[in-house]
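Thanks for coming. I will take a few minutes to go through one structure, so please have the sequence and the 3D view open.

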Amino acid sequence: MEFMVEETKEETMLELPYIYYLGYNIEINGKQVEYRESDMGFIMIDIPKGDKAIVKVKYEGTKLSKITFIVSTISIIGFGIYIFYCKKKKV
């Protein structure tokens with residue numbers, strides 16, 4: 001999601017329509033910012049005072065989720081190769 005906030009008079013808190021998970025990459029004007037969980041369980045960020053703020057939000061996942069995806073993929077491929085060779089030996 002990408003959007004622009006215009007003319008913030010003072011530091012503003014903004015609640016985004018995304019459920020709070022670790023692994024989001026949130027940038028305001030090209031600088032990565034920290035986020036936190038709101039009272040409703042969504043993502044909350046602070047928009048600094050200024051004329052214009054361009055906010056970019058992207059879910060990239062955590063390092064652990066990336067590692068588990070790679071391990072799962074390798075395991076599935078290895079299991080497929082194992083089944084292929086077991087069937088080949090029986091024939």
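**Thr8 and its surroundings**

Leaving out neighbours within four places in sequence, Thr8 touches Ile47, Pro48, Lys49 and Gly50. Keep in mind that this is a predicted model. Thr8 belongs to strand E1. Is Thr8 buried or exposed? Its relative accessibility is 10%, and buried means under 20%, so Thr8 counts as buried. There is also a polar contact here: a polar atom of the Thr8 side chain lies 2.8 Å from the backbone oxygen of Pro48.

Now the sheet. It is open, has 4 strands, and runs in the order E1-E7-E3-E4 with antiparallel pairing. Strand E1, residues 2-8, and strand E4, residues 31-32, are the edges, each pairing on one side only. In general, strands of a sheet pair through backbone hydrogen bonds. Strand E3, residues 24-28, pairs with strand E7, residues 50-59, over 5 bridges. Asn25 stands opposite Lys58 in E7.

Lys58 brings me to the salt bridges. How many are there in the whole structure? The search finds 3. Lys58 forms one with Glu60, with the closest N and O atoms 3.7 Å apart. Lys58 is partly exposed at 49%, and Glu60 is partly exposed at 38%.

Another joins Lys9 and Glu7 at 3.9 Å. Lys9 is exposed at 63%, and Glu7 is exposed at 54%.

Then there is Arg36 with Asp46, at 3.2 Å. This pair links distant parts of the chain: Arg36 sits in strand E5 and Asp46 in strand E6, 10 residues apart. Arg36 is partly exposed at 33%, as is Asp46 at 27%.

That is where I will stop.

Terms used
Residues are numbered from 1 along each chain as its sequence is written. This is a predicted model: local features need pLDDT of at least 70, side-chain atom pairs count only at pLDDT 80 or more; totals for chains, interfaces and linings use all residues. Side-chain values use heavy atoms; hydrogens and water are left out. Two strands pair if DSSP finds at least two bridges between them. Helices (H or I, at least four residues) and strands (E, at least two) are DSSP runs, numbered from the N terminus. Buried means under 20% relative accessible area, exposed over 50%, partly exposed in between (1.4 Å probe, protein chains only). A polar contact is a pair of N or O atoms within 3.5 Å; within protein, one must be able to donate a hydrogen and the other to accept it, and residues adjacent in sequence count only if both atoms are side-chain atoms. Contact means heavy atoms within 4.5 Å. A salt bridge is a side-chain nitrogen of Lys or Arg within 4 Å of a carboxyl oxygen of Asp or Glu.
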